[in-house]
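This report describes how the parts of a protein model meet.

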Amino acid sequence: MVLSHAASNSDVSVHSTFASRYVRTSLPRFKMPENSIPKEAAYQIINDELMLDGNPRLNLASFVTTWMEPECDKLIMSSINKNYVDMDEYPVTTELQNRCVNMIAHLFNAPLVETETAVGVGTVGSSEAIMLAGLAFKRKWQNKRKAEGKPFDNPNIVTGANVQVCWEKFARYFEVELKEVKLSEGYYVMNPEQAVEMVDENTICVAAILGSTLNGEFEDVKLLNDLLVLKNKETGWDTPIHVDAASGGFIAPFLYPELEWDFRLPLVKSINVSGHKYGLVYAGIGWVVWRNKEDLPEELIFHINYLGADQPTFTLNFSKGSSQVIAQYYQLIRLGHEGYRNVMENCRENMIMLREGLEKTGRFNIVSKDEGVPLVAFSLKDNSSHTEFEVSDMLRRYGWIVPAYTMPPNAQHITVLRVVIREDFSRTLAERLVIDIEKVMRELDELPSRVIHKISLGEESEANGDNLMVTVKKSDMEKQREIINGWKKFVSDRKKTNGIC
Amino acid sequence: MVVSRTTTESKEPVSSTFGSRYVRTALPKYEIGESSIPKDAAYQIIKDELMLDGNPRLNLASFVTTWMEPECDKLIMDTINKNYVDMDEYPVTTEFQNRCVNMIARLFNAPLGDTQTAMGVGTVGSSEAIMLAGLAFKRNWQNKRKAEGKPYDKPNIVTGANVQVVWEKFARYFEVELKEVKLSEGYYVMDPEKAVEMVDENTICVAAMLGSTLTGEFEDVKRLNDLLVKKNEETGWNTPIHVDAASGGFIAPFIYPELEWDFRLPLVKSINVSGHKYGLVYAGVGWVVWRTQHDLPDELIFHINYLGADQPTFTLNFSKGSSQIIAQYYQFIRLGFEGYKNVMENCRENMLVLKEGLEKTERFNIVSKDVGVPLVAFSLKGQSFHSEFEISEMLRRFGWIVPAYTMPADAQHITVLRVVIREDFSRTLAERLVGDILKVLHELDTLPSKISRKMGAEDFGNVKGKKVEREKLTDVIVGWRKYVMDRKTMNGVC
């Protein structure tokens, strides 16, 4: 007689994922667990935790691409196990990178003859690209100073205070002084005249941004070039320009082709652009191109005998995935000039639509310009009772991630909210966002302003003299009563709202 | 009456991909094309070109993972559009990174309390990890020298000549002098005694490798530590150690747990490991952990107001994908200690199978050791008419990618072939590889050696040279005839 065996608790492969014991035990956070768990359980547990991350497509804070065509997703998945740096083993992937570099160099009007190969490299993002460009400038400047017999221990770089953090990193890690041109209220980019004034014999380069992170504005690179040409004639220092076109590099050539900002200007020696911003590829790819070979000192390039073949390498990272490089090439040939232009024009249209919707509410000042990166930066016309940070918090409840932040010096008193229009931000979403912002404004109107703000103001006035003491105490109690009433109303109102949770 | 119209012009959406005009036109290589092309055409064209790349799983040159479970592939694809650096927007992903850092720090026996958070960060690979660690050492050393009122403009780092290129990059880009301990024939790692000898007051750290790229050997970190402790006592310089455990960091704790190489040694202040090597994740993730907070100078950490929230950041890269970090966490919880141990033991077993198979042919010297990274490095025995490079080229024809390379100074006359055993290199593949290597040897035996080398040697004696030339020519002609005839009868995998 065959004894039938009932599958007991121990036969875990039988249980459905949520019936198994794995979802009952808490996952270790500090130490690697002793035993293995089934792959379905591992997948489910992680997938579930990740549900609580923000939705990337509603992340209006980021410039980085969050959607690609399914065909490209397929290509990405099939090349996910290719280590990009194995040039000898994956020659086609390496060649695709080279084609991208050439295409981008041509897009930026690099002075290349018909079949001359461009000088450039794919990186993990604009941060790496900028560090490489900065390194090249530093080394060139050092060599020049050594040849002239002058000191070379105090290099500096001139930028605007609106630069992205990677310039500050570059300065700190590579021991270069950062000379920042301060902003002022209403002028949120680097002023070319002030920048050129700051240039001295130790300046390795002046960095201009095409598409400022804060308000999307394009800096006037042409004016900077012209002023610097004049100064170079007087001083003989030959100071070059680098253009940080992280966002703008894939916008300007398609929407504003007459705008001169790239290698058409003689002092521009290198440009970086993020493939993962308006290059329309997922996070993890950037590009840096140099005008010509002389702008990249040979001594920075390593020729190595890795895995058996000679490989020239000038990057900070070594092993990395190939998927994004292949995806970039896909986009370049799939879309072509026509396709990129269409996408950018759509972005600009939707940006204008959003801007008009916000202007119609009558509650906001628009800080961003129409020309530049398609984004809308706006601040409250009246921020005495509520701040942009509160608007940002409340929008989160609807699912939108809209960041609020203060400007850098000398405009720290200005706070803005910023919505970036990416390829996948359609008009319907733009209209929905305006409606949700209006809802948030109505809610805020019913809320009293945050007490802390007022009390701190009260504290300041306390310091000014005793005669204000009584006034402060009175407003204290008044404020408390206001708050209690306000919150009571607020709570009962919430029960009626229909926001997206 | 309805007049039926036949479609005369081929409308693009109707044509099948290979029937469309897009596969007839040459793709632009230097400039972006003016018009768009359909996505199916773009996909097909690129996919087809990529067929000519090597097969990643047969790439026996690389340590980097080439296979993951389908469930993990799904997670990777789901998170491909998350920009890792948006910590505020993706708090769970950020927390996964922190959990990984904590797990790795404890795996390396960092002196931490049960719930104390470890110091470390996820990077794009060991290159970035090493540069960050080196930066921390450089800054710590500079601060110390400034406090002592001594000059700090000549930092140096002591390593073996067997180090991976990233240390040379670090030295060149961050202006630190590289003092390399030369190798010698038979000794292909850094000699601890020589290393400690080279240490001076300007040394920011000594870098040891757990898993040398060339032979997979683990350097004797314990010995280095003990010698350096003594020297530090004499000199008072307090020179620290960094362990480059790019490969070994996920091997030693599982199959050699008694080996003391990590934070158990007091002078080890930071360790880097590649998640994408034996961490069993696809290319694009590395880790660096510091012993304590003090080993990472606060001035190197940036607190930025990016996208509206305060984010502390100490990496060279900023925006990057989140997929590999999530995949690393998947592997940690999926495999656990037990799972990693099983994988590493399998790798070691298959390594032994391959090594024994090669030894049986009696044509090779095994240069790698059994203890270390599971790989087999081997060179041809004795004087030979052929080089390891030829073997490597011929193996390509079978589909295998097995690299051949020369050792660094001072052992440049030694050439080795190297096969790395990864998780997905099963025993069947190992046996097949031995079979194919035998075939290659067989072929080479019937080939004359490359003329140029022999000619070069005999050039000095002219008359003798000419005679040798003629003999050699005849040899060649005969040899090639035979070779061609034999090829027609072979059944090799093309």
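How many residues of chain A are in contact with how many residues of chain B? In this predicted model, 117 residues of chain A touch 121 residues of chain B, contact meaning heavy atoms within 4.5 Å. Local features need pLDDT of at least 70 and side-chain atom pairs pLDDT 80 or more, while totals for chains, interfaces and linings use all residues. Residues are numbered from 1 along each chain as its sequence is written, chains are lettered from A in the order in which they are written, and side-chain values use heavy atoms, without hydrogens and water.

Between chain A and chain B there are 12 salt bridges (a side-chain nitrogen of Lys or Arg within 4 Å of a carboxyl oxygen of Asp or Glu). One of them joins A:E71 to B:K39.

Chain B itself is divided into domain 1 (76–334) and domain 2 (349–443), with bounds from an automatic or database domain assignment. Their C-alpha centres lie 31 Å apart. In this interface, 19 residues of domain 1 contact 22 residues of domain 2. The count of salt bridges between the two domains is one, and the side chains of B:K369 and B:E217 meet in a salt bridge.

| Salt bridge | Distance |
|---|---|
| A:E71 and B:K39 | 3.4 Å |
| B:K369 and B:E217 | 3.3 Å |
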